[in-house]
Amino acid sequence: MTIHLKDFIHYVTELNQNQPEFIQSVSNFSEDVIPFINEQYPNFEKLKILERLIEPERIIIFKITWMDDLNNIQINRGYRVQMSSIIGPYKGGLRFSPTVNLSVLKFLAFEQIFKNALTGISLGAAKGGSDFNPKNKTDNEIMRFCQSFMNELYRHIGSQTDIPAGDMGVGQREIGYLFGQYKKLRNQFSGVITGKGKAWGGSNIRPEATGYGLLYFVELIYKEQNSTLKNKIITISGAGNVAYYAAEKAIQLGAKVVSLSNSKGTLYDPEGLDSNKLKRIAALGKDIDEFPLHYSSAQFLTKQKPWSIPCDIALPCATENEITEKDALNLVANGCKCVAEGANMPSTREAFKVFINAGINYAPGKAANAGGVVVSGLEMSQNATGLRWTNDNVDDKLKGIMESIYKTCTKYGTEKGGYINYLKGANIGGFIKVAQAMQAQGIV
Ligand code: NDP
């Protein structure tokens, strides 16, 4: 029996009403995977592999109460979507943002299944977080919130069960408070969270991993064409963890990075950022709008995205659906030849169709931003053995795994005319590993 794409998307939509991001993510994936199943694995239809895959194994929703600095009681909602434990313990980040809801977390957890499978490390998939807004909170408020969040989450996680990490709004400070509370509640020092500080179980290169891994992937795209990143003009969105280290590595590889951005607008420096300018940006935190006060070559384009700036390579590293069809058309018209996603699902469906139809290189987040979870996996290995690997050792392993993800994408994504559809390659390459494991493990 064949699976009909339209029928399946109808089924997903009916089952997950009011979850647009989740439906978007499943639909994008199904477009590549359903024709592949029909052609090569028709028995997956009877096994209901897709229907089983889109249903989270478990969703935990909980109340978080905490006191702000004025002694007011605050209430937030916490989540953990334990999506799939087929190829390893649940693994995926925590996001603190008022934009967090079940649809967003389910889409992130769904993408995580294939991203984690592509790494070749034994990792299942999860995502979690809260609608808590960390902006303008004091350090003490952040600590009390994290402790209250962990007071519930600790029952559901463990180094062999579910290993959270950071994501938007959750950096090393938050990981520290979450880990400290877990340790107190369990009386156990274990590798239950990744992204820890280096002195207390963290791995070298973990903060840098997503941004660096993204650039290693882009380097491979250019190597395929016998080219390098030298003198390529790069626009980057975001000014957080992923964007910052993407910029750092791009500069190291000889590219000219001309933008970063945040929710207020875009920092544009046509002369390009360098390591000194990046240090200044790090000191400003996410307040990059103040950067032009220090460097006259730069300007801050209030309320604008970076996608009208001419570039060779665009690296969206902020948030989902930040590149619309109009942005994509602008990028292509201005000569952009490569879009690689540091963020998760930053291109709308209409946008990535523009890139693929224009025949430019399009590297989806589930492959290109896997570096973060790769080094999280390496942190887990180091925690399990009590060893700590050097910078170079971790960086070499990261490079090697990004290369193997790249090869999987080309294996399943190279089309008849030679165009490499990295999206299709990532979807099918990740899917097949999980689907075969599901078949082997029976109906559970
Ligand atoms: P951070 O919280 O460190 O930074 C997020 C950045 O994006 C901030 O500069 C923020 O600006 C900006 N941003 C957020 N929303 C918007 C918006 N609507 N419009 C414009 N800018 C916005 O997050 P990360 O760098 O960790 O994560 C960024 C993306 O990368 C997310 O999609 C995340 O899921 C993905 N990712 C992260 C990984 C990691 O290891 N951290 C791993 C893989 C993927 P402002 O401060 O003004 O809100």
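In this predicted model, an oxygen atom of the ligand lies 3.4 Å from a polar backbone atom of Gly342.

| Residue | Polar atom belongs to | Distance to an oxygen atom of the ligand |
|---|---|---|
| Gly342 | backbone | 3.4 Å |
| Gly169 | backbone | 3.0 Å |
| Asn344 | side chain | 2.9 Å |

How many residues surround the ligand? There are 23 of them, and the closest are Lys135, Asp167, Thr210, Ser263 and Asn344.

Strand 7 (residues 256–262) pairs with strand 8 (residues 265–268) in the antiparallel sense over four bridges, and a hairpin of two residues joins strand 7 to strand 8. Within this pair, Ser259 stands opposite Tyr268 of strand 8, while Tyr268 also has Gln299 of strand 9 as a bridge partner. Strand 8 and strand 9 are antiparallel as well, with four bridges between them. Strand 11 (residues 338–340), by contrast, runs parallel to strand 12 and is joined to it by three bridges, and here Ala340 has Ala363 as its bridge partner in strand 12.

The other open sheet has five strands in the order 1-2-4-3-5, again with mixed pairing. Its edges are strand 1 (58–67) and strand 5 (162–165), each of which has a single partner strand, so one side of each is left without a neighbour in the sheet. The twist in this sheet averages 20° from one strand to the next. Strand 3 (residues 90–96) and strand 4 (residues 125–130) pair in the parallel sense over three bridges, with Leu94 standing opposite Gly128 in strand 4.

**A pocket and a cavity**

The second largest pocket holds about 270 Å³ of space. Its lining consists of 15 residues, of which Phe36, Gln40, Tyr412, Lys424 and Ile428 lie nearest the centre. Which elements give two or more residues to this lining? They are helix 2 (20–40), helix 15 (391–413) and helix 16 (422–441), and helix 2 gives the most, with six residues. By class, the lining of this pocket divides into six nonpolar, three polar and six charged residues.

The structure also holds one cavity of 30 Å³ or more, and the largest cavity has a volume of about 100 Å³. Among the residues that line the largest cavity are Asn28, Glu111, Glu341, Met345, Phe352, Tyr362 and Lys366, and its lining is made up of five nonpolar, three polar and three charged residues.

How values were computed
Residues numbered from 1 in each chain as written. Predicted model: local features only at pLDDT ≥ 70, side-chain atom pairs only at ≥ 80, totals over all residues. Heavy atoms only, no water. Pairing = 2+ DSSP bridges. 1 Å grid on protein atoms, 1.4 Å probe; cavity = no way out; pocket = protein on both sides within 12 Å on 5 of 7 lines; lining within 4 Å. Points joined across faces, edges and corners; volume = space filled by probe spheres on them. Nonpolar A, V, L, I, M, F, W, Y, C, P; charged D, E, K, R; others polar. Near = heavy atom within 4 Å. Polar contact = N/O pair within 3.5 Å; in protein donor to acceptor, adjacent residues only side chain to side chain. Axes fitted to C-alpha atoms, helices over the stretch in contact; angles between N-to-C directions.
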